[in-house]
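Please keep the structure in view while reading, and find each residue as it is mentioned.

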Amino acid sequence: MKQFISYSFCLLFSFSASSQGGYFGKKTVVSVDGSLRATLIYQSMLSNYRYNTGTLTGESSNPVIAGGFTASLSHYFTKNVGIGIDFSMTFNQLKMPYAKQLSYLPDYNQGYYIDYNSTATIEKMNMRTYYIIPKFEWASRGNLPIGICHSIGIGYANSVLTNDNYRILVRNLYDNNGNLIPSMEYKESTSTQRTLHGVVLEYGVKLRLPVTSFMAVNVASNLRFHMPHLQNLTMGGDSEYIDWEEDVRRSMRTSRGSNIMDIRAGLSFILF
Amino acid sequence: MFAFSVFITTGQIDLNKFTTLQSSGKIPSDFSALTHEKVAGDNQRNTNLTEKSDEEFKQNIHYSIDQIIHSGQCVYGDPISVYVDKIAQRLLKDDKELYSKLRFYTLKSNVSNAFSTHQGIIVFTTGLISQFANETQLAYVLAHEIVHYREEHVVQTFEWKLQHEYNRENIGQFNNYSKEKEFEADSKAVDMCLKAGYSATEIYNSFDVLMFCHLPFDEIKFPSDYYNTPLFFVPEKEFTTEVFPIKIDEAYDDANSTHPNVEKRKETIRPHLENQFGTGNAFVGSTDEFTTIRNYARFESVRTSIIDLELSKALYQLFLLEKEFPDNYALTRWKAHTWLGLLNAKLNGHWTDVTVPKQKLEGESAVLYQYIKKLDKYAVSSHALRTITDALSVYPDSEELKKIRSSMMKIIAASGSWSWTKYSDIPFEKAFEPKVEENDLLVSGTIDSTSTQANEPLTKYDRIKGTGAGKSTSATAISDSSRYYLFGISDLISDPSFLNEFKGYQEEADKLSAERSAKKKAGGKTAKTSSVVGERLIVVEPSTVYITRQNYDFEKTDAYQTKLVEAINYTAEKEGVKLFDYSTKSLNQGGTDVFNQRNTMMNYLLQYAALPEATHFVPVDFELIQHIQQKCGTSRVLFSWTEYYTNARGAVASVITGAIIPPLFPAMLLTGVSKYKLCEIAFIVFDMEEGNVSYVQSNKMKTSGGNLVLKSEVHNLFNAKK
């Protein structure tokens, strides 16, 4: 123990302290991660939203998971502080409201009407979101680039729908004569509003476990807060008129913004 | 080259060349094996303990002794250990089997202590040996420790703690139990000693050692003319006349102690001695041999005082030893070291670290302690310059004294505006000639030899108890100068070459200071070109501690220590650095020579660490360090330190936070995982030539610090530039 005390004292009054830092002297890292995003919040917020599975039988489903990839480049100035930039892409599915909430469904003027028995499901919409997020990284008692690392960043998000036309299946609607029409399918286009821009604020924790002198396994979790966030969430149905494009945008925002947490795993290459 | 080959053929040490006690002979496995190897190899089953408790017991006993054995202060096969072994043979002449189970080692420490372990190791400190008045006292303490071992008191105490669920509530009960064991050891040791022919009176007096071992190893009045030389004069009035009585209370309160007070112990052994007083001999063996061994311990005590920065105590010990060894080179060196240390402390604002507070003053040494305490910086400088200059004039070829002088000049030069004009270029006696009576002037010789002879038959304990009265000569007080020290270096002040030399040191100090300022301004971004480790590096035993759930994990400690050594070896090979390995692992190959050298370097670190301001440091083991430097071809030494521990509370707190805020759960889980294991890895590179730390790398990390982390840290060290 006396020896430890000696060492402590040496460290205390030594004025020549300096450290090269880095992992084997290297401080710049490229990481590639796959991410998974559970859609629990999305599901709970829009419990009566669904999409059809693409068949005309009316089977519907909910999105369960979303995922994507992230590539990031980081440089650490010391063992505790660094900067980085994330390039990531995530994929997820949108779900739309049921028939009675859809004001743009075929209506009386077109020779049809819907009542409380009517349902409508819209084909699954695939959305792809790109992120570019510069970030500040830090670790208390860190050993960067390996070990635990916290990050906070603010960046740009761009979401697009991967297709243009979507099938809508309406069931149990009636013609103007009161005859039941079991099902009817038609298509809507999203060509005029396919892109949703936004600002994203991100906080993340990443644990890099070294496996060689130049490579580490990553495990991470990130929280992303999107702006603008969940606007007009309660609108729709009979209260206000919302057109198809508006509803799609609303669903895109809701989907992107509601599932704030992901988990990631991947590899880091500690370059120089 | 053979400066530390101080053993002469008879096994005695030439005290003139004394450096420190060195181990000799074959290295015992107690010193070369790692703790977990000892535990694994300990097949002795303590039947009263459960298997689990037995395992815990073994871990405890081996870990405890290894802390001491690997401290760099413990030696084997040295003259003191050999002597204690000889006394043990005498005590156990009828019990060869018991004797064969014992090993004897010496611990360089000024704490007066002796202890035995369950493994059969008996350790005496040099501080205790230095306090004994005769062989009987040593034999009695040794017999006491042998009884502890023979009666298996260590395991019994452990068992008691288990049975009674030892805690704060029953600490009093435990102390009583422990006292019973002490009484048993005291009583049975008496019988053992009497049987071996030792003096009953001196056995009884052994407790005086216990009572007064906090005092220096002798009680001699410090003469007020001690520092007087033809060129230096200290008026008598500078020394206090206040008396600091030694407290004698044998019946002190021992309620909170595991050991009974002296009065009770004396009462316990008295019936065993009742009819024996007057029988036996204080010395069964040779008196000279005992005195020689005690002198080694006393010399070692001075060295230890300097390392521990007990500089006032060192001066008093030097005074005591100089009476017997007036022209001893080792004592001269140490005196120079002591004044260098005092100068360093005074000029760098750490004076209270090296002086003794008034409430601790006791006995004759108090006079010197008081005198030292009130010295101002010019007085300390004057003393240091006088002592070191005079030492060098007696030993002009001493590299060590030259180094000390150079360091002294650098320390003074670096202390800011220093004016020699404060000092007088005429000696004290001329300056104050009209006011000094003829008889008051310098007393030739610093110590009156007649008083020494008169005191010789008396022991320290006789003097404390008033059975003798120390005498010393003293000069009459000179009342008109409290600035006497300004006249103490008149020869140097009037020497232009000295002043020119100092000017050179001052210019060097100014240049160094300017360089440091420039470096600071540049934010450390000045060009760094040379490697901090160089092409050759001495590596001393890494210190490792692994604590799991607040318990020391000796197995992981050894494992991580080995990992670090391997990481250093791996990186050195990769980077083409030649290593000189002084770790425990290397002892099996290197043997006692390597062990001694390792101890020397560990002591170097201890001495360095004790200094609050370690500038221009000169190690007390200068010659030994020089030898190691020559042998290894480098002055750079790596000391490393790793500490691992778990932080379960922090980890659980993070996970609970995650559970309360579900979206944060994965992030908090990761944070918790990283918090669970923490480590600190530190490297210190010393440059023994420069006498300073040339590089420090220390990282506290949230990681388990496995192989790759260790290798990374070592890689960074080997690639660091300065």
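This is a predicted model: local features need pLDDT of at least 70, side-chain atom pairs count only at pLDDT 80 or more; totals for chains, interfaces and linings use all residues.

E185(A) is found in strand β10 of chain A, which covers residues 180–189. Is E185(A) buried or exposed? E185(A) counts as exposed because 12 other C-beta atoms lie within 10 Å, and a residue is called exposed when that number is 12 or fewer.

L169(A) is buried, since 22 other C-beta atoms lie within 10 Å, and the cut-off for a buried residue is 20 or more. How many residues apart in sequence are L169(A) and T119(A)? They are 50 residues apart in sequence, while the distance in space, from C-alpha to C-alpha, is 8.2 Å.

**Chain A as a whole**

Chain A contains 3 helices and 13 strands. Of its 272 residues, 40% are buried. When contacts in chain A with a separation of 6 or more are considered, 73% of them are accounted for by residues 24 or more positions apart.

**Backbone details**

Most residues other than glycine have a negative phi, and most peptide bonds are trans. Against that background, some places in the model deserve a careful look. The peptide bond that runs from L144(A) to P145(A) is cis, with omega near 10°, and P145(A) sits in the loop between β7 (125–138) and β8 (147–161) of chain A.

F24(A) is not a glycine, yet its phi is positive, about 50°; F24(A) lies in the loop between α1 (2–13) and β1 (28–38) of chain A. F24(A) is partly exposed, with 19 other C-beta atoms within 10 Å. In chain B, E152(B) also has a positive phi, of about 55°, although it is not a glycine, and E152(B) is found in the loop between α7 (135–150) and α8 (153–163). E152(B) is partly exposed, with 14 other C-beta atoms within 10 Å.

**The domains of chain B**

Chain B is divided into domain 1 (15–287), domain 2 (326–521) and domain 3 (536–718). The centres of domain 1 and domain 2 of chain B, taken over C-alpha atoms, are separated by 36 Å. To the contact between them, domain 1 of chain B gives 36 residues and domain 2 of chain B gives 42 residues. On the side of domain 1 of chain B that touches domain 2 of chain B, the residues divide into 20 nonpolar, 6 polar and 10 charged.

Two packed helices are described by the angle between their axes and the distance between the axes. The table gives these values for two helix pairs.

| Helix pair | Angle between axes | Distance between axes |
|---|---|---|
| α14(B) (329–347) and α17(B) (377–394) | about 155° | 9 Å |
| α17(B) and α18(B) (399–413) | roughly 155° | within 10 Å |

The helices α14(B) and α17(B) are therefore roughly antiparallel to each other, and α14(B) passes α17(B) in a left-handed crossing. Among the residues that meet here are W339(B), L340(B) and L343(B) from α14(B), and A384(B), I388(B) and A391(B) from α17(B). The residues of this contact divide into 11 nonpolar, 4 polar and 3 charged.

The angle between α17(B) and α18(B) is roughly 155°, which makes α17(B) roughly antiparallel to α18(B). Here too the crossing is left-handed, as α17(B) passes α18(B). The contact includes A384(B), I388(B) and A391(B) of α17(B), together with L401(B), I404(B) and M408(B) of α18(B). The residues of the contact of α17(B) with α18(B) divide into 8 nonpolar, 1 polar and 2 charged.

Which residues of helix α26 (622–632) of chain B are buried? They are F622(B), L624(B), I625(B), Q626(B) and I628(B), and the buried residues of α26(B) pack against α18, β5 (536–540) and α25 (584–610) of chain B. After α26(B) comes G633(B), whose phi is positive, near 70°.

Conventions: Residues are numbered from 1 along each chain as its sequence is written. Chains are lettered from A and ligands numbered from 1 in the order in which they are written. Helices (H or I, at least four residues) and strands (E, at least two) are DSSP runs, numbered from the N terminus. Two residues are in contact if their C-beta atoms, placed from the backbone, lie within 7 Å. Axes are lines fitted to C-alpha atoms, for helices over the stretch in contact, and angles run from 0 to 180 degrees between N-to-C directions. Angles under 35 degrees count as roughly parallel, over 145 as roughly antiparallel, 65 to 115 as roughly perpendicular and the rest as oblique. A crossing is left-handed if the near helix is turned anticlockwise from the far one by less than a right angle, and right-handed if clockwise. Ala, Val, Leu, Ile, Met, Phe, Trp, Tyr, Cys and Pro count as nonpolar, Asp, Glu, Lys and Arg as charged, and the others, Gly among them, as polar. Domain bounds come from an automatic or database domain assignment.
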